[in-house]
Amino acid sequence: MNVNLNQLSFDQQGLIPAIVQDAKTGKVLTLAYMNELSIIKTLETNETWFFSRKRNQLWNKGETSGNKQFVKEITYDCDADSLLVQVDPVGPACHTGSESCFNQTLYAGDTQIRETVQQLVTAIKGRRNDPKEGSYTTYLFQEGIDKILKKVGEEASEVIIGAKNDDKEEVTWEIADLTYHTLVLMELLDLSIDDIKQELYKRHIQKVGNKGE
């Protein structure tokens with residue numbers, strides 16, 4: 001393992017803050033501290049290891065709870081005094097059982113709006129894995145691909161009609177419906193938001209390469 005830790009700037013206690021982020025969703029899971037040994041053990045095991053300032057010892061995330069964090073990438077900032085650890089989490093990151101340790105709101109702004117799509121994806125997946133009587137999403141999954149495709153087509157047509165009528169409110173409503181049914185279709189086909197992001201990214205790179213933009 002050829003990693004030069006001398007390029008990092010540790011504090012006087014030999015620690016460096018590490019922001020842990022879900023590699024797929026981008027959600028920040030926790031903030032912890034690492035020292036040289038915990039970084040080395042993280043790289044050796046591909047699991048997150050931190051240094052507890054309270055207990056004054058190393059700890060392996062998920063060692064007792066089973067909520068492991070498998071490391072995908074580690075980067076550091078421009079001052080080399082903080083780390084970004086991207087992981088594939090198994091279970092919640094917080095000891096309270098929450099997905100993220102950052103679950104108390106001081107100021108929301110438009111964060112809740114930006115997270116709505118991911119929350120909707122989670123809810124749709126939940127209805128697929130745990131059907132609930134009376135749930136429209138459960139009904140769609142039970143009816144199958146043909147019903148879902150029909151709804152996607154209907155909502156796309158409604159978007160077109162709303163646009164032709166120059167009705168912004170109607171178009172907004174119908175695009176929201178189209179988005180929901182498209183997400184249901186994606187779940188049925190085991191496609192993720194990340195798959196779409198990657199495709200858009202590849203197209204953007206091709207565009208830049210071909211047109212020199």
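Predicted model: local features only at pLDDT ≥ 70, side-chain atom pairs only at ≥ 80, totals over all residues.
I take helices (H or I, at least four residues) and strands (E, at least two) as DSSP runs, numbered from the N terminus. Residues are numbered from 1 along each chain as its sequence is written, and side-chain values use heavy atoms, with hydrogens and water left out.

**Entry 1: Leu84**

I located Leu84 in strand β6. I call a residue buried under 20% relative accessible area, exposed over 50%, and partly exposed in between (1.4 Å probe, protein chains only). With a relative accessible area of 27%, Leu84 is partly exposed. I then listed its contacts (heavy atoms within 4.5 Å). Neighbours within four places in sequence aside, Leu84 touches Ile19, Gln21, Glu73, Ile74 and Thr75. I also noted 22 Å between the C-alpha atoms of Leu84 and Asp195, which are 111 residues apart along the chain.

**Entry 2: Helix α1**

In helix α1 (residues 36-45) I found Ser38, Ile39 and Thr42 buried. Viewed down the axis of α1, the buried residues fall within an arc of 100°, so they line one face of the helix; the arc is that of the directions from the helix axis to the C-beta atoms. The buried residues of α1 pack against β1 (16-22), β2, β3 (49-52), β4 (57-60), β5 (69-76) and β6 (83-89). Just after α1, I recorded a positive phi of about 65° at Asn46.

**Entry 3: Helix α5**

I checked the length of helix α5 (residues 145-164): its 20 residues reach 29 Å from first C-alpha to last, close to the 28 Å expected at 1.5 Å a residue. The expected span is 1.5 Å times one less than the number of residues. Ile148, Lys151, Val152, Glu155, Val159 and Gly162 are buried in α5. Down the axis of α5, these buried residues fall within an arc of 100°, so they line one face of the helix. I found Asp146, Ile160 and Lys164 exposed on the other side of α5. The buried residues of α5 pack against α4 (136-143) and α6 (168-188).

**Entry 4: Salt bridges**

I counted 8 salt bridges in the structure, each a side-chain nitrogen of Lys or Arg within 4 Å of a carboxyl oxygen of Asp or Glu. One of them joins Lys151 and Glu155 at 3.8 Å, N to O. These two residues are 4 apart in helix α5, about one helical turn. Lys151 is buried at 16% relative accessible area, and Glu155 is buried at 7%.

Lys202 and Glu199 are 3 residues apart, while Glu199 and Arg203 are 4 residues apart. Glu199 is partly exposed at 32%, Lys202 is partly exposed at 47%, and Arg203 is exposed at 52%.

I also traced a network of salt bridges linking Lys125, Arg128, Glu187 and Asp190.

**Entry 5: Positive phi**

Asp190 has a positive phi of about 60° although it is not a glycine. I placed Asp190 in the loop between α6 and α7 (193-211), where Asp190 is exposed at 59% relative accessibility. Ala80, also not a glycine, has a positive phi near 60°. Ala80 lies in the loop between β5 and β6 and is buried at 11% relative accessibility.
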